[in-house]
Amino acid sequence: MSLYVLVRGHNDPGGGFIGGLLAAGGVLFYAIARGAESARAALRLSPIQYCGLGVGLALVSGLPALLDPSKEYLTHLWWFPDVGFKLPIGTALVFDAGVYLTVVGTITAIFLSLVEERTV
Amino acid sequence: MLVVSRLPGRAVALVAAAIAFVMLTLGASLAPYVSGGGVVSEPFWGAASLGISGGLRLDGLSLVFVLLITGIGTLIFLYAHAYLKGDPRLGRLVVILVAFMTAMVGAITADDVIVLFVFWELTSLTSFFLVGFDHEKLKARKAALQALLITGGGGLALLAGLVLISIAAGTTSLSGILAAREAVLADPLAMPAMLLVILGCFTKSAQVPFHFWLPAAMAAPTPVSAYLHSATMVKLGVYLLARLNPLYQDVELWQHLLTLFGAATAVTGAVLALRETDLKLVLAYTTVTALGTLVMLIGIAPEQSITAAVTFLIVHALYKAALFMVAGIVDHETGSRDAASLGGLARAMPLTAAVAVLAALSMAGLPPFVGFVAKELIYEAKLELGATANVLLAVSFVVNAATVAIACVLSFRLFYGARKPTPDVPHDPSPAMLVGPLVLATLGLFVGLMPDVLGRSIIDPAVGAILGAPADIRLKLWHGFNVVLMLSAATISVGVVIYLAWARIVPRLRAVSWVDAFSPSRAYEHGLESLLLFAGKTTRLIQHGSLSGYIRTLFVVTALAVLATLAVRSGFAWPEGGLAVDVRALVVVLLAAGAIATMVARTALAAVLALGLVGFSAALLFMVFGAPDVAFTQFAVETLMVAILATALVRLPIRGADLRDRRRKAGDLVVAGFCGVAVVAVLAAVVAAPFDARLSTWFGAESVPSAHGRNVVNVILVDFRALDTLGEITVLAIAAFAVAALLRRVVGARKPASEIET
């Protein structure tokens with residue numbers, strides 16, 4: 001569901017922050033129910049790694065703009081490939097995905113450190 | 001630099017010596033051109049956007065210094081090679097010394113005040129590392145810090161002064177400033193600027209009352225003392241005073257200040273030198289004396305005294321560096337530095353003795369050494385001033401006599417007379433250690449024999465640069481029988497008398513203890529201690545460790561700031577027509593209920609849940625007023641917050657119940673109420689102001705066409721203001737790190753405590 005909210009964000013209420021919060025909420029309740037260790041295992045990467053991935057993704061999403069000398073860093077680019085209807089694909093989604101991952105990572109890192117003895 | 005330090009330590013110093021020698025030859029090759037009156041000028045590293053013009057400049061004055069710095073530098077590196085042989089730290093010392101030498105040359109050749117300042121501070125910084133070289137010794141660390149604080153503090157004053165001057169002149173270029181003399185002097189802040197610059201120079205060149213860092217800096221290894229604290233770094237202040245002389249030489253205040261402080265410093269140095277028996281301390285105080293003399297001579301200003309100043313500068317560098325190196329040799333070979341307990345070393349160390357005598361004779365000002373030439377010049381300069389300057393003449397006389405006495409101590413007493421026992425068996429050191437002082441001392445002799453060579457080639461252009469007008473200097477060894485010769489003879493006689501009584505004078509002077517009790521050095525220590533005490537007290541006051549205290553302070557200050565701003569800007573306002581009661585606003589009732597519940601809750605857990613209610617009500621409010629994204633976010637955040645807080649309460653050692661007593665509660669109530677009032681006031685003021693819809697309409701209009709998105713909020717976050725969002729998520733990531741790191745401590749620490757409790 002959180003992924004749906006993420007993708008929906010550009011045109012309807014939603015977006016990276018909210019999607020991330022919902023995802024983190026999911027992890028949280030999973031941890032309450034099954035314990036922190038299983039939650040960490042389910043995540044596969046450590047929370048801080050999610051943070052790093054998220055910020056990195058956001059940074060990278062701005063780079064394609066630099067290929068065009070007239071545009072500044074973080075100008076989002078769009079393509080509309082025709083798959084029956086015009087499918088909007090753009091770097092904005094990548095950026096939002098970065099936001100999403102960072103939010104998930106932050107909240108999970110904080111929460112999981114609280115819930116158990118092992119941190120980070 | 002890194003490559004060099006990896007070479008076997010023994011080679012490092014030789015490499016550095018080679019570097020210095022190369023620089024020396026470079027300077028020497030430029031000498032003929034500069035002597036002819038030319039000025040070598042190179043535009044170099046300017047930063048026009050910062051208003052810095054940059055540039056290198058080599059004129060007569062700079063040439064003198066460059067030759068001294070690189071020449072003595074070469075010899076010092078050779079000396080250090082032998083002095084610290086086998087010491088694993090030699091590499092580090094050499095690297096820092098080379099950095100220092102570069103910084104010195106940079107400062108001397110800079111044609112831009114900002115560049116000069118940067119190099120000035122670099123010399124202070126490298127000096128800090130060099131004085132604190134034996135960093136395991138407390139004395140060395142304290143001395144290094146002291147030197148840094150004093151010269152650094154002076155450096156700040158210098159920067160202020162230089163900036164003021166360059167603003168007045170309209171340029172940061174030194175040549176430009178000197179050319180814009182009238183503009184600089186006419187500026188209303190001209191006097192403060194001058195005073196600030198003088199202050200900077202005085203701290204660097206150890207003038208009274210800032211002289212005390214120099215003797216303390218003797219904690220540095222001897223090669224460092226010989227290089228920095230006698231021949232080069234301390235002369236940097238003198239250099240700048242000389243450099244700016246064309247600007248200020250007719251200003252009375254300048255003349256008076258320099259003359260006064262210079263004379264005071266010279267006397268202080270001389271007297272204090274007679275209280276010491278440690279060779280290095282004696283040399284340090286006589287350096288203070290020399291610096292005082294130089295400043296005094298610059299202050300006096302007519303051509304004679306400037307000539308005397310430049311000559312004395314060179315002479316002093318030559319003999320002082322030589323004597324410092326000799327002191328180092330004596331220390332190295334005999335294991336002692338105490339002049340009172342050393343004697344008769346000439347038989348064991350004949351070469352060293354010879355060198356020491358040569359240098360000492362120059363210091364005492366005997367013909368045919370160049371020291372004699374310098375002393376004569378000084379007396380001549382004073383006499384030229386006429387009767388009013390008799391005080392200065394007397395000062396010079398006393399100072400010079402004391403210098404003679406000390407010169408005798410450093411040569412005759414150390415090396416001749418009865419042989420006294422020493423910790424180590426003395427012998428002449430290796431050639432590398434001797435070559436330095438030998439070269440310098442013999443230079444003193446040869447130049448003395450043919451002073452005009454030096455005079456025409458080096459001193460003449462330097463004096464020209466200082467006076468701002470071409471000069472014609474003729475140096476002679478023999479001026480004929482005149483008053484000056486009488487004075488010199490008298491000085492030497494008195495000096496010898498003092499020397500003979502030296503052993504009795506020292507303890508007598510030492511016994512005058514009020515000098516120590518009231519010295520600037522004490523003042524400095526006292527000041528530093530008080531500063532640290534004050535810092536401790538204020539920190540304890542603000543960082544008291546009580547979390548609720550911090551929060552209280554935060555809230556009160558925020559509320560105060562808001563209300564104060566509104567009051568000052570007359571921003572208090574109430575929306576016209578009062579507050580419209582909208583049916584949708586009834587959600588506020590729910591919010592209020594939650595807030596009240598938070599207050600009256602008995603346990604922390606209950607309070608958290610009630611707080612959650614407040615949050616949810618806020619979310620409802622957003623939704624009802626048409627902000628779905630914000631509402632969505634708020635709902636999610638609220639859920640998470642309640643869950644996290646609840647978990648935290650279980651895991652962390654926070655007591656459940658509210659333990660505050662009545663008084664505390666009342667106080668907190670007031671604070672809370674205060675905050676509430678502030679928030680209401682500011683919101684009312686905002687609502688009362690007419691709504692400027694420009695941004696909203698623009699975003700609304702642009703959202704679809706340029707950013708292909710209908711959700712304006714999201715589009716703003718992700719596209720229009722993406723850079724801000726990038727910053728926000730970086731902060732999130734950092735916060736995650738911080739919290740995880742902090743929690744590791746708390747959770748880890750809790751376990752043992754809970755085990756003990758059972």
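This passage describes selected features of a predicted model, beginning with chain A and moving on to chain B.

Chain A contains 5 helices and 4 strands. Along the sequence, the order of these elements is α-α-α-α-β-β-β-β-α. Chain A has 120 residues, and 47% of them are buried. Contacts between residues at least 6 apart in sequence were also examined in chain A. Of these, 60% join residues at least 24 apart.

Helix 9 of chain B covers residues 190–204. At 1.5 Å a residue, the 15 residues should span 21 Å. Helix 9 is mostly covered, with 11 of its 15 residues buried. The buried residues include Ala193(B), Met194(B), Leu196(B), Val197(B) and Ile198(B). Gly200(B), Thr203(B) and Lys204(B) are also among them.

The loop between helix 9 and helix 10 of chain B holds Ala206(B). Pro209(B) is placed in the loop between helix 9 and helix 10 (213–216) as well. Most residues other than glycine have a negative phi, and most peptide bonds are trans. Ala206(B), which follows helix 9, has a positive phi, near 50°. Ala206(B) counts as buried because 28 C-beta neighbours lie inside 10 Å. The peptide bond joining Val208(B) and Pro209(B) is cis, with omega about -5°.

Ala465(B) is part of helix 21 of chain B, which runs over residues 451–467. Ala465(B) has 27 C-beta neighbours inside 10 Å and therefore counts as buried. Beyond its neighbours within four places in sequence, Ala465(B) is in contact with Asp59(B), Gly60(B) and Leu61(B). Ser62(B) lies 403 residues away from Ala465(B) along the chain, but their C-alpha atoms are separated by 9.0 Å.

Two packed helices are described by the angle between their axes and the distance between the axes. Helix 26 (residues 547–568) and helix 30 (residues 662–688) of chain B form such a pair. Their angle is about 35°, and their axes are 9 Å apart. The crossing of helix 26 and helix 30 is left-handed. On the helix 26 side, the contact includes Arg552(B), Phe555(B), Val556(B) and Leu566(B). On the helix 30 side, the contact includes Val671(B), Phe674(B), Cys675(B) and Ala685(B). The residues of this contact divide into 13 nonpolar, no polar and 1 charged.

The largest nonpolar core has 199 residues. Val131(B), Ala322(B) and Ala359(B) have the most contacts inside this core. Its largest share, 20 residues, comes from helix 16 (residues 303–334) of chain B. Another core, of 50 residues, lies apart from the largest one. Among the residues of this other core are Leu93(A), Ala618(B), Val718(B) and Ala740(B). Leaving out residues up to four places away in sequence, Val131(B) touches several alanines. Among them are Ala140(B), Ala143(B), Ala144(B) and Ala147(B). Ala217(B), Ala219(B) and Ala220(B) also touch Val131(B).

Conventions:
Residues are numbered from 1 along each chain as its sequence is written. Chains are lettered from A and ligands numbered from 1 in the order in which they are written. This is a predicted model: local features need pLDDT of at least 70, side-chain atom pairs count only at pLDDT 80 or more; totals for chains, interfaces and linings use all residues. Helices (H or I, at least four residues) and strands (E, at least two) are DSSP runs, numbered from the N terminus. The expected span of a helix is 1.5 Å times one less than its number of residues. A residue is buried if 20 or more other C-beta atoms lie within 10 Å of its own, exposed if 12 or fewer, and partly exposed in between; C-beta atoms are placed from the backbone. Two residues are in contact if their C-beta atoms, placed from the backbone, lie within 7 Å. Axes are lines fitted to C-alpha atoms, for helices over the stretch in contact, and angles run from 0 to 180 degrees between N-to-C directions. A crossing is left-handed if the near helix is turned anticlockwise from the far one by less than a right angle, and right-handed if clockwise. Ala, Val, Leu, Ile, Met, Phe, Trp, Tyr, Cys and Pro count as nonpolar, Asp, Glu, Lys and Arg as charged, and the others, Gly among them, as polar. A nonpolar core is a set of buried Ala, Val, Leu, Ile, Met, Phe, Trp, Tyr and Cys residues joined through C-beta atoms within 7 Å.
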